[in-house]
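Here is a quick tour of one model, taken sheet by sheet and then through its charged pairs. Have the viewer open while you read.

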Amino acid sequence: MKIFTAEQIRSWDQFTISHEPISSIQLMERASTVVANWISEHCKVHRKAVLFCGNGNNGGDGLAVARMLYLKGFDVDVFVNDPKGKFSEDASVNLERLREISEISVRKFDEVEHYPLDDNTIIIDALFGTGLSRPLADGYKELVDWINRKDTIKISIDVPSGLSTDAFFDRDSVVLKANYTLSFQCWKRSFLHPETGRYTGKVIILNIGLSEEYHENTETDYWVTDDSFAVSLFNPRNEFAHKGNYGKAIIIGGSYGKMGAAVLATKSVLKTGAGLTFALAPQCGYEVLQTSCPEAMFIEGGQQFISDFNIDKENTIGIGPGLGNHKDTQTGLLKFLKDYQSPLVLDADALNIISEDQKNHQLIPEKSIITPHPKEFERLFGKTENSFKRLELARVKAKELGIYIVLKDHHTQIITPVGDVYYNLTGNAGLAKGGSGDILTGILTSLLAQGYSEKNTCIFGVWLHGKAADFAAEKHSKESMLPTDVIDELGNVFTELNNKVERSL
């Protein structure tokens, strides 16, 4: 699914109006109907709604929703800045329609302090939509502060008020903290970053029938990876295949006291389906790996740590889990990278070794995949003010080095060498445990070995990792799920994928 900027969304509205054809007020009515239907369906316990409406088209949506909820049996009150003030053309139409219903009171914002709220009341935010270009100030800031202090369900229409669609204002900005955000047609970038996404609550994307032609033909650098997109990338197993058809994958990792990381990565390679799997590790990890991963072949690379990176170049390689930073390991890794030209996966200590000197960046083979968490990224490329800035720096570095960057976060971002960005929608806070990244390294290495392109390896692999984590959280809880539980769920994800493919035939 594509992500559009606020400007592109406005153009999408206008394109729909001119090509369907449909008037702007009819399009507003259609969008408001979808919102009102969702609220009526999902808020059956709550029969009272209080709407806060701005003077623009987002406020117009709110005014229309107020009328529709009343007709569905809700007790409705509406607050605006000034009922006699200037509204957008479509908002004015809906305000007049609302005034025809005497049972709905339209009050001024400054009356809100004395308004009684209880647990059965829904607050609906329709103050500002995608057009907001600066932080809230003055009366709106105070109003949103007041709303945020209320312990009741809050639903934002399209975008929580105070939130930019495309950027991060500043840490002191006041933003309405919604429980649900009912957003129109597509995800917004601000929903997907930690500094801003914490205000949205659960995001529901509502289809309001905007032009498919515009969506298909309008270019963007930003996408989200949803389930349907992931299914389109999946390559089901050929019934007449043999192990040679699914590649040779090797995990290079482990050191004394850190063999668990190599085990997790190796198990993930196996569970994701590589034809042949190898683990290059120090001798101290031999029994651990051969016992825990009997399907994988062991290659000795040292005694207590890896110093010998001499391996068959035909393997697809993932380096880093539990590798450590011993001087001989550093020397061996950098020498190996100087002589190796094929794409590989680099994570954890491999990235930390590379980050010791910026000149080492040039040793990363083109089309390789690196998987830094925010601190590893900072060590590699420098500190940034926020995650939006970090992403833009990642786009610069991906283009400069010709590599794929998997920037791990709640919504992990995959950045391609041409600067395209794919936000992942699967995964949960249960992955905030040591070992989760090692699993991802194994998944990516396995997919790359099986012949997935570097781009599809990243997009599909990150989705697969997160989907398995969602299954694990459902079974064990986010708190108690273990990285090994995520590995165990990979089979269930593949079962679901195969079932979807069969149903589509």
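Is Ala 249 buried or exposed? Ala 249 is buried, because its relative accessible area is 0%, and buried here means under 20%, exposed over 50%, and partly exposed in between (1.4 Å probe, protein chains only).

Before going further, some housekeeping. This is a predicted model, where local features need pLDDT of at least 70, side-chain atom pairs count only at pLDDT 80 or more, and totals for chains, interfaces and linings use all residues. Residues are numbered from 1 along each chain as its sequence is written, and side-chain values use heavy atoms, with hydrogens and water left out.

**Around Ala 249**

Ala 249 belongs to strand β9, residues 248-252; strands are DSSP runs of E with at least two residues, helices are runs of H or I with at least four, and both are numbered from the N terminus. Setting aside neighbours within four places in sequence, Ala 249 is in contact (heavy atoms within 4.5 Å) with Val 269, Ala 274, Leu 276, Thr 277, Phe 278, Thr 316, Thr 445 and Ala 449. Gly 451 sits 202 residues from Ala 249 in sequence, yet the two C-alpha atoms are 11 Å apart in space.

Strand β9 is part of an open sheet of 10 strands with mixed pairing, in the order β8-β17-β16-β15-β14-β13-β12-β9-β10-β11. Its edge strands are β8 (222-225) and β11 (297-300), each pairing on one side only. Two strands count as paired if DSSP finds at least two bridges between them. Inside this sheet, β13 (residues 345-346) and β14 (residues 369-370) run parallel and are joined by two bridges, with Val 345 having Ile 369 as its bridge partner in β14. Helix α16 (residues 454-476) lies across β8, β14, β15 (404-407), β16 (413-415) and β17 (421-424), at about 10° to β15. Axes are lines fitted to C-alpha atoms, for helices over the stretch in contact, and angles run from 0 to 180 degrees between N-to-C directions.

Take β6 (residues 180-184) as an example: it pairs with β7 in the parallel sense over five bridges. Across that pairing, Thr 181 stands opposite Val 203 and Phe 184 stands opposite Leu 206. β5 and β6 also run parallel, joined by three bridges, and there Ile 157 stands opposite Leu 182. β6 is mostly covered, with four of its five residues buried.

Asp 77 lies in strand β2 (residues 75-80). Asp 77 is buried yet has no salt bridge, the nearest side chain of opposite charge being Arg 107 at 4.0 Å. Lys and Arg count as positive and Asp and Glu as negative, with His and the chain ends not counted; a salt bridge is a side-chain nitrogen of Lys or Arg within 4 Å of a carboxyl oxygen of Asp or Glu. What does the side chain of Asp 77 make a polar contact with? One partner is the side chain of Tyr 115 at 2.5 Å, and another is the side chain of Ser 105 at 2.6 Å. A polar contact is a pair of N or O atoms within 3.5 Å; within protein, one must be able to donate a hydrogen and the other to accept it, and residues adjacent in sequence count only if both atoms are side-chain atoms.

**Salt bridges**

By the salt-bridge rule, the count comes to 19. Here are three of them.

| Pair | N to O distance |
|---|---|
| Glu 96 and Arg 99 | 2.7 Å |
| Asp 409 and Arg 390 | 3.0 Å |
| Lys 188 and Asp 158 | 3.3 Å |

Glu 96 and Arg 99 are separated by about one helical turn, because they are three residues apart in helix α4 (residues 89-99). Glu 96 is partly exposed at 44% relative accessibility, and Arg 99 is partly exposed at 41%.

Lys 188 and Asp 158 form a salt bridge that links distant parts of the chain, 30 residues apart: Lys 188 is in the loop between β6 and α6 (194-197), Asp 158 in the loop between β5 and β6. Both Lys 188 and Asp 158 are buried.

In the salt bridge of Asp 409 and Arg 390, Asp 409 lies in the loop between β15 and β16 and Arg 390 in helix α14 (residues 387-401), so the pair ties together parts 19 residues apart in sequence. Asp 409 is partly exposed at 25% relative accessible area, while Arg 390 is buried at 13%. Finally, salt bridges that share partners join Arg 189, Asp 221, Glu 392 and Arg 395 into one network.
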